[in-house]
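Subject: Structure handover

Dear colleague,

Here is the structure we spoke about. My notes follow below it.

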Amino acid sequence: MLRRTIPMLILAASGILLVVAYFSPFTTSWSETVLGWFNVLAAVAFVLGAGNLLAVNLELVSARRAGWAYALITLLSFAAMFVFGLFKIGVVPNPDHPNVYFAGDYESSQSAFGWVYEYIFSPLTSTMFALLAFYVASAAFRAFRAKNIEAILLLSTAFIVLIAQTAGGMFLTGWIPEDSMFAFLRFDWMKVGITEYIQTAGMRAITIGIALGIAATSLRLILGLDKSYLSKN
Amino acid sequence: MMNALALRWAFRTMAAAMLSANAGALAMPPAPTNVVATDRPGDGGGAVMLQWTAPAPSEVKEARIERSATAAELKASAPNSAAWISVASAPTLAGEGLGFEITDLPPSAANKSSTDQLVFRVAFLGTDGEMSAFTDSNTVVGVANIFLAKKLGLAVSLVLVCGSVILWILLARAGRSVKIRRIAALDAVDEAIGRATEMGRPVLFVPGIQDMTDIQTVAGVTILGRVAKTAAEYDATLEVPTCRSIVMSACRDTVQAAHFGAGRPETYREANINYITDEQFGYVAYVAGRMVREKPAACFYMGAFYAESLVLAENGNAVGAIQIAGTAEPSQLPFFVAACDYTLIGEEFLAASAYLSGERDQLGSIKGQDLGKLIAVMVILVGCVLATVAAFAPEGASARASAAFQNFLGG
């Protein structure tokens, strides 16, 4: 009973308080203070997360389940970065305190931690991000198949915006004088019309809906109508 | 003799005329009068309104404003430094009406509990570059008010929206019919989980990559409750990889509660809800790899997503999963629409939990949200009409009304 009632009361009280606090100069900064508390909580919870990561991967390795080699790499990487960061291996001494080993910056690229981050982790992250280009192409291929009127409209709009972004747009319609009555046929003009008026109007409509949705969702949580996030035992 | 006298008289007259003309050219502009400094009402204490009476614009070019240095500034500055600090140059007529707003106050005076007394002085710069004498204002203290007036529009909007939501919750409780249109994406939840159960494959739920401080994550976790309940009833395996430790903890509580709700507490598996990493693409690599290896039959993406949205959705598509996505990130919606079977767009996503619950109170809150939308439409229409009329008559009352309306709404 208390495990559900107390969190609900805390949520309701803090929710109402922070909404009201936003409107007074004396209390505006309260939200930042609360965010600071949350960060403390998140730091503690991070231990829970790291423990879970270790437990899951150790179990995979010990049981030799499918993909146990990946789990082993994860565990070794975790241990290595933990040691590099905690013991500041290879850090450059801090000029202000040259005799104090632990005063050096562990994130500098000369340190083991910084080196791994800079030359192993960052390239891996960039590689994952670069894959996006292929996914965009495959998704666009499916989305732009002219199956019905809506799909044809989508395809035409995408074609205009895409070609206007390239030199092809200027090559095909750049000869139409900007001050003529046919200037609206220029691809660059059409692109501006689509992105700045049609797209912006649509995006704003979605954004207003989202803002109202956020208000209603917050209110449901504050009033205790939605309790699905709470444990039952 | 007469000629010499006449010549001397003519010379004197000419010299007097030349002197008076010269004196006219070097005349100083008139000094400002009625210089009054007042605290700006409804602010946090960091602004002062300065009013003065201006002469005809043809006589002066602009107003120069200075303020007295505070005790802290005098202490910090070099000896013999000026006791007056230049604050701003303003159009001559800026001091008329409500006055000229000065926000550039020293930190000690802009402080909410400050008692620093400031004096302002104003001089006019003539059209020929001559400066008038300064006229001092009264002393003024920037006082912080309890309510920020510039947020009045937001406060009114909040009261209207929350009021309409609460009103509809009460109406729904009183028995008023609450009809919500069908949302195909949410109707497909049972179908997707049923398919996964029949195929003997897991259900994957991704609650976004943000922490519990993001309302989208909260909305995603509440939807997870409904998905987990159905999965528990169907005895399907539900996997929830998370990107934040606290989200993992919240998801575990939610899924456990759902299993209790479904009367199947024994089927709850804590190990299926894992923390992976806080790093965006590290998380994506794990989830995408898991999709390819385990081939889930149903994938749910509910929460805050960024560049990873398409990577996840395309991988899910490649393994043939039924995919239902929901996010309030407008820039990611096109990717989900292109790659998923169903997408909850913005407010649909935020209303999903209430819709799935089927409870009258929660459905009433969605109706209240619609009423808020109606109010927003009316505000937009009024704003459009005012702005259009103001464009045709920039000096008229409609322009002032348009500016006041914009100002009220925080524009």
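Helix α4 (residues 112–130) of chain A and helix α8 (residues 280–294) of chain B have axes that come within 9 Å and cross at roughly 60 degrees. Axes are lines fitted to C-alpha atoms, for helices over the stretch in contact, with angles from 0 to 180 degrees between N-to-C directions. That angle makes α4(A) oblique to α8(B); under 35 degrees counts as roughly parallel, over 145 as roughly antiparallel, 65 to 115 as roughly perpendicular, and the rest as oblique. The crossing of α4(A) past α8(B) is left-handed (the near helix is turned anticlockwise from the far one by less than a right angle; clockwise would be right-handed). Helices (H or I, at least four residues) and strands (E, at least two) are DSSP runs, numbered from the N terminus.

The model is predicted: local features need pLDDT of at least 70 and side-chain atom pairs count only at pLDDT 80 or more, while totals for chains, interfaces and linings use all residues. Residues are numbered from 1 along each chain as its sequence is written, and chains are lettered from A and ligands numbered from 1 in the order in which they are written.

Which residues meet where α4(A) passes α8(B)? On α4(A) they are Thr125(A), Met128(A) and Phe129(A), and on α8(B) Phe281(B), Val284(B) and Ala285(B); contact requires C-beta atoms, placed from the backbone, within 7 Å. By class, this contact of α4(A) with α8(B) has five nonpolar residues, one polar and no charged (Ala, Val, Leu, Ile, Met, Phe, Trp, Tyr, Cys and Pro count as nonpolar, Asp, Glu, Lys and Arg as charged, the others, Gly among them, as polar).

The contact between the chains takes 50 residues from chain A and 63 residues from chain B. On chain A, the elements giving two or more residues to the side that touches chain B are α2 (30–62), α4, α5 (132–143) and α8 (187–222). The largest share of that side, 16 residues, comes from α8(A).

Just after α9(B), Gly320(B) has a positive phi of about 80 degrees.

Regards

Technical notes: Two residues are in contact if their C-beta atoms, placed from the backbone, lie within 7 Å.
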